[in-house]
Amino acid sequence: MHYLDHAATTPVSPEVAQTMVSVLTEQFGNPSAQYPLGRNARALVDQGRAAIARALDCKPEQVVFTSCGTEGDNWAIRAALHQNRRVGKHIVTTAVEHSAVLQCVKRLEQEGCTATYVKPDREGRVSAKSVLAAVREDTAVVSVMLVNNETGARFPVEDVAAGLKDKPALLHTDAVQGFLKVPFTAKSLGADYITLSAHKIGGPKGIGALYIGGRAKNTQPLLFGGGQESGLRPGTEATAQIAGFAKAVELRSARKDGIFRRLAECNAYAREKLSAIPDLRFIGPGDAPHILSVSLPGYPSQNIVSELGEQGVCISAGSACHRGRASHVLTAMGLDKKTAAGTVRISFGPETAFEDIDALAEALLAHKTKRFPML
Ligand code: PLP
């Protein structure tokens, strides 16, 4: 198999799996329990939090575990709106966010909020100037992702943070695709909330974290129940997932520079190989090294993805979350229909070999040679 869909999810390494198995089978206590098995589980949660905090260069108490990136996004936006309820109900976001942000904002509009969706340029980039121009006196929250999951465009979160310094609006960034893929710390970004998810960096699915710092105060929980996570996120802590998340972060952090380099090498190699395919277009600015978006205009991406899948080459049509619908990201970028419908996303991980990319290039060329354009 040639797995080139690391932006959708990543393989869990044997070390991460072993860590999780030992927690599930041996250290299975409830962290709230007052005997050694419980105290050991509590220590695992604390160590996990410390590992994420080290990777973000923040304080452990600024990291709260969530069930996934989607929860972090929803929670941050609602928490910021609650903190700024006297400021107003206006939200600024971009037209190209992940649906975990966009659908949350759409829902909030139904609940009485107003929203401005800042459009990207034709490359898929969003400027800090255009985001800041959308901010009003009644803007309670600005949510701008760090790295776009379809195009790999990296957004200027730092500049947005600097522009909001003297404004009441809080800043959230969805860094799910940026964490340990592009360099940043909580301080360098300057956002009040940062969303992370484990399964994009070699950790398990079903665990994420929300950084709560900067000007975020008295954060209102999304869920109500027990007092876990300092009362911010009730629910018995998912100890095995937390330990797996922490292990994945430690493994990747230790090899961070090597991984950044490897992802860039894969990207450059794929660009060179795929350039040989007639009419193939590169989409997006290519900021984040792990994501490469390309189009074969006239060739429907669903057909490409399923035919390549049959040959063991795993890529996705735009983003893994669309399932056949036109991508809102490519539409917002103003791509013509043929190009948008023929766009596929290739994404790399530290395990990617050049042979995987050779297999992809061969399969794409064969698809183009064998099939007639359909659009
Ligand atoms: N945000 C971005 C940019 C993503 O790519 C994803 C996952 O595809 C998410 C949020 C959602 O994360 P999770 O799958 O952990 O809910």
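User: Leaving out residues up to four places away in sequence, what does Gln-228 touch?
Analyst: Gln-228 touches Ser-32, Arg-233, Pro-234, Gly-235, Thr-236 and Glu-237. Keep in mind that this is a predicted model.

User: Where is Gln-228 found?
Analyst: Gln-228 sits in the loop between strand S8 (208–212) and helix H8 (239–254).

User: And does Gln-228 count as buried or exposed?
Analyst: Buried, because its relative accessibility is 14% and the cut-off for buried is under 20%.

User: Which backbone nitrogen lies 3.1 Å from a polar atom of the Gln-228 side chain?
Analyst: That's the backbone nitrogen of Gly-235. Gly-235 is also among the residues that Gln-228 touches.

User: OK, what about Leu-180, what's its phi?
Analyst: Positive, about 60°, and Leu-180 is not a glycine either. You'll find Leu-180 in the loop between strand S6 (170–174) and helix H7 (186–189). Leu-180 is buried, as its relative accessible area is 7%.

User: Switching to the ligand. Which of the 13 residues around it come nearest?
Analyst: Gly-69, Thr-70, Asp-174, Ser-197 and Lys-200.

User: Which helix gives the most to that shell?
Analyst: Helix H3 (residues 69–83), with three residues.

User: How does the shell split by class?
Analyst: There are three nonpolar, seven polar and three charged residues in the shell around the ligand.

User: What about polar atoms, how far is the Ser-197 side chain from a ligand oxygen?
Analyst: A polar side-chain atom of Ser-197 lies 2.7 Å from an oxygen atom of the ligand. For Gln-177, an N or O atom in the side chain is 2.9 Å from a ligand oxygen. His-98 has a polar side-chain atom 3.3 Å from an oxygen atom of the ligand.

User: And how much of the ligand does the protein bury?
Analyst: The protein buries 89% of the 390 Å² that the ligand exposes when taken alone.

User: New topic: Ser-143. Where's its place?
Analyst: Ser-143 is in strand S5 (residues 139–143). At 0% relative accessibility, Ser-143 counts as buried.

User: Which side chain does Ser-143 join in a polar contact?
Analyst: The side chain of His-172, at 2.8 Å.

User: Beyond its neighbours within four places in sequence, what else is Ser-143 in contact with?
Analyst: Besides His-172, Ser-143 is in contact with Ile-77, Val-92, Thr-93, Thr-94, Glu-97 and Val-101.

User: Now helix H10. Which of its residues are buried?
Analyst: In H10 (residues 301–310), the buried residues are Ser-301, Ile-304, Val-305, Glu-307 and Leu-308.

User: What covers those buried residues?
Analyst: The cover includes strand S11 (313–314), helix H12 (337–341), strand S12 (343–347) and helix H13 (354–370).

User: Zooming out, how many helices and strands does the protein chain have?
Analyst: It has 13 helices and 12 strands. The radius of gyration of the protein chain is 21 Å, close to the 21 Å that the globule rule gives for 375 residues, so the chain is as compact as a globular protein of that length.

User: What does the C-alpha trace span along its principal axes?
Analyst: About 65 × 55 × 35 Å.

Terms used. Residues numbered from 1 in each chain as written. Predicted model: local features only at pLDDT ≥ 70, side-chain atom pairs only at ≥ 80, totals over all residues. Heavy atoms only, no water. Buried < 20%, exposed > 50% of the residue type's maximum accessible area, 1.4 Å probe, protein only. Helix = DSSP H or I, 4+ residues; strand = E, 2+ residues; numbered from the N terminus. Contact = heavy atoms within 4.5 Å. Near = heavy atom within 4 Å. Polar contact = N/O pair within 3.5 Å; in protein donor to acceptor, adjacent residues only side chain to side chain. Areas by Shrake-Rupley, 256 points an atom, 1.4 Å probe, with all protein chains shown as cover. Nonpolar A, V, L, I, M, F, W, Y, C, P; charged D, E, K, R; others polar. Rg over C-alpha atoms; globule rule 2.2 N^0.38 Å.
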